[in-house]
Amino acid sequence: MAGRHLCSRRYREFSNLHVGLKKEFPDFGFPKLPGKWPFSLSDQQLDSRRRGLEQYLEKVCAVRVIAESDTMQDFLTDMDDEHGGSTALVDLKVLLPDRTTVVVNVRKNSNTEEVYQAVVEKIGLPQEVSRYFALFEIVEYGFERRLSPNEFPHHLYIQNYSTATATCLLVRKWLFSKDVEVRLASLHPMAATFFFWQAVDDVNKGQIKPGNKLYELKALQHCSRKMEVRT
């Protein structure tokens, strides 16, 4: 979860959150908030305090019952008009098939299609390839669920703030034709890389049997190496 970026909040809002949580969970040993300085801070000091506040959230949200409490959820969803409401811009971290991540800046009320298109544009995924991938949510026990077009990824992102992974959103292949997959892999290096690493991931999770799919992995790996040599 480290490195996740949420909407900017005022220090007093963190202070109010801290007081509210201590009342709701009196037996929990809450970490201290970074100190509030009585004078103007430099950019470096502001950045240091911001990191401290993010670390506070991470430590507190590591306790699931606190992360899922109404007090914390109200704070994380940040629906106050003073912050721009549902049209405020937020950063969402999305996991890619090759195990790298990308951060996209979108509106809080952006739906699945809008967030996915932002990812496509950010990484430069060709449109011919992007139609065969989709945005998924990582749920419990490593299961992955494809998001419907009208869902709101930011809402899921906030709900899963307490997860151990860096993000609950990921891009996965949504293609069931081996011929199309081979054609795309031969034409687009990024497609070949994504297909290969998703196949490796599926084997590691036991979702496909290496005995049946090993030749496909080797073919994709060979294709990827050829492209690396060319570049």
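Reader: Is Gln198 buried or exposed?
Author: This is a predicted model, in which local features need pLDDT of at least 70, side-chain atom pairs count only at pLDDT 80 or more, and totals for chains, interfaces and linings use all residues. Residues are numbered from 1 along each chain as its sequence is written, and side-chain values use heavy atoms, with hydrogens and water left out. Buried means under 20% relative accessible area, exposed over 50%, and partly exposed in between (1.4 Å probe, protein chains only). Because its relative accessibility is 5%, Gln198 counts as buried.

Reader: Which residues does Gln198 touch?
Author: Contact means heavy atoms within 4.5 Å. Leaving aside residues up to four places away in sequence, Gln198 touches Pro97, Arg172 and Lys173.

Reader: Why is Cys61 counted as buried?
Author: The cut-off for a buried residue is under 20% relative accessible area. Cys61 counts as buried because its relative accessibility is 0%.

Reader: How many disulfides are there?
Author: A disulfide is a pair of cysteine sulfur atoms within 2.5 Å. By this rule, the count of disulfides is 0.

Reader: Are helix 1 and helix 2 roughly parallel or roughly antiparallel?
Author: Helices are DSSP runs (H or I, at least four residues), numbered from the N terminus. Helix 1 (residues 11–24) packs with helix 2 (residues 43–61) at an angle of about 25°, their axes, lines fitted to C-alpha atoms over the stretch in contact, being 12 Å apart, with angles running from 0 to 180 degrees between N-to-C directions. Angles under 35 degrees count as roughly parallel and over 145 as roughly antiparallel, with 65 to 115 roughly perpendicular and the rest oblique. Therefore helix 1 and helix 2 are roughly parallel.

Conventions. Helices (H or I, at least four residues) and strands (E, at least two) are DSSP runs, numbered from the N terminus.
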